[in-house]
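Student: I have the model open and want to go through it piece by piece. Start with one pair of residues, then build up.

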Amino acid sequence: MTPSSVTHRVLLFASWSDALGPQVEVELPVGASVADLLASLSARTDGRPLPKPVVALNQRYARPADVIAAGDEVAIIPPVAGG
Amino acid sequence: MRVAIVDHPLDPTALLAEVADVATGASTLFVGTVRRTNLGRPVTGIDYSAYAPMAEREMATICKEAMAQFATDRIVVEHRVGTLALGEASIVIAVAHERRAAAMDAQRYVIEEIKKRVPVWKREHYADGTREWVDNLGGSVPAEVAP
């Protein structure tokens, strides 16, 4: 039988790490997108104001419609401030 | 070309020596340091953190773009993470090229793209005891992934 959901381990940084910890597990339906992940995570922030992040899959920036595969390295990237 | 996220003080002259060569007539050195005010608020220090493997990958991508655009492979970048005091260097970029204009243009490209795209974060410490995460782009996201 094919599983209907996948648990993704998600890395968090900066303000998002402060709010939710450096790593969380998120269960999503198979075929879920980056936008689905962000919606699921936002539900955990209890209305705390956090800057809108982007997502990286396997250390590359992903678009909202990109599908997350089992085993992908998933990271929440808040607005960057290097330099 | 070499890029690195490091957790120790940076040595700008060492990076300059790394890129300089008798074949190149121009070397440029950019040093970004912790400034004592930001947007009018007195700053006492900055915590830098990074998603290190992606940050190094993204810095390497930026350097490759600069290499293709400005025709030099003599680019070295080190970005420091950890807690930095006022005046300490957070980033050093050294570029060498046969010609000064290309060296300076390549360096400008690298620092501007790093500020937009590399997953590094800073939390400023203010004189009043508060700390806040800083946002280089005013809340916008990299153009290539904007919805």
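**Sheets, helices and the chain contact**

Tutor: The bridge partner of Val6(A) is Leu28(A), in strand 2 of chain A. Strands, like helices, are DSSP runs numbered from the N terminus (H or I, at least four residues, for helices; E, at least two, for strands). The model is predicted: local features need pLDDT of at least 70, side-chain atom pairs count only at pLDDT 80 or more, and totals for chains, interfaces and linings use all residues. Residues are numbered from 1 along each chain as its sequence is written, while chains are lettered from A and ligands numbered from 1 in the order in which they are written.

Student: How many bridges join strand 1 to strand 2 of chain A?

Tutor: Seven, with strand 1 (residues 5-11) and strand 2 of chain A running antiparallel. Two strands count as paired if DSSP finds at least two bridges between them.

Student: In which sense do strand 1 and strand 5 of chain A pair?

Tutor: Parallel, over two bridges. Leu11(A) stands opposite Ala75(A) of strand 5 there.

Student: And what is the strand order in that sheet of chain A?

Tutor: The order is 2-1-5-3-4, an open sheet of five strands with mixed pairing. Strand 2 (23-29) and strand 4 of chain A are at the edges with a single partner strand each, so one side of each has no neighbour in the sheet. From one strand to the next the twist averages 40°; such angles run from 0 to 180 degrees between N-to-C directions, with axes fitted to C-alpha atoms, for helices over the stretch in contact.

Student: What about strand 3 and strand 4 of chain A?

Tutor: They run antiparallel and are joined by three bridges. Ala56(A) has Tyr61(A) of strand 4 as its bridge partner.

Student: Change of topic: how many residues does each chain give to the contact?

Tutor: Chain A gives 21 residues and chain B gives 28 residues. Contact here is C-beta atoms, placed from the backbone, within 7 Å. On the side of chain A, helix 1 (14-20), strand 3 (54-57), strand 4 (60-62) and strand 5 (74-77) give two or more residues each. That side divides into 15 nonpolar, four polar and two charged residues; Ala, Val, Leu, Ile, Met, Phe, Trp, Tyr, Cys and Pro count as nonpolar, Asp, Glu, Lys and Arg as charged, the others, Gly among them, as polar.

Student: Now chain B. Which strands are in its open sheet, in order?

Tutor: Four strands, ordered 1-5-7-2, with mixed pairing. Strand 1 (2-6) and strand 2 (26-33) of chain B are the edge strands, pairing on one side only.

Student: How many bridges for strand 2 and strand 7 of chain B?

Tutor: Eight, in the antiparallel sense, strand 7 being residues 89-97. Leu29(B) has Ala94(B) of strand 7 as bridge partner. Helix 2 of chain B packs on this sheet, touching strand 1, strand 5 (75-80) and strand 7. Helix 3 of chain B also packs on the sheet, touching strand 2, strand 5 and strand 7.

Student: At what angle do helix 2 and helix 3 of chain B cross?

Tutor: Roughly 150°, with the axes of helix 2 (residues 52-70) and helix 3 (residues 100-117) of chain B coming within 9 Å. The contact between helix 2 and helix 3 of chain B involves 10 nonpolar, one polar and four charged residues.

Definitions and conventions
Two residues are in contact if their C-beta atoms, placed from the backbone, lie within 7 Å.
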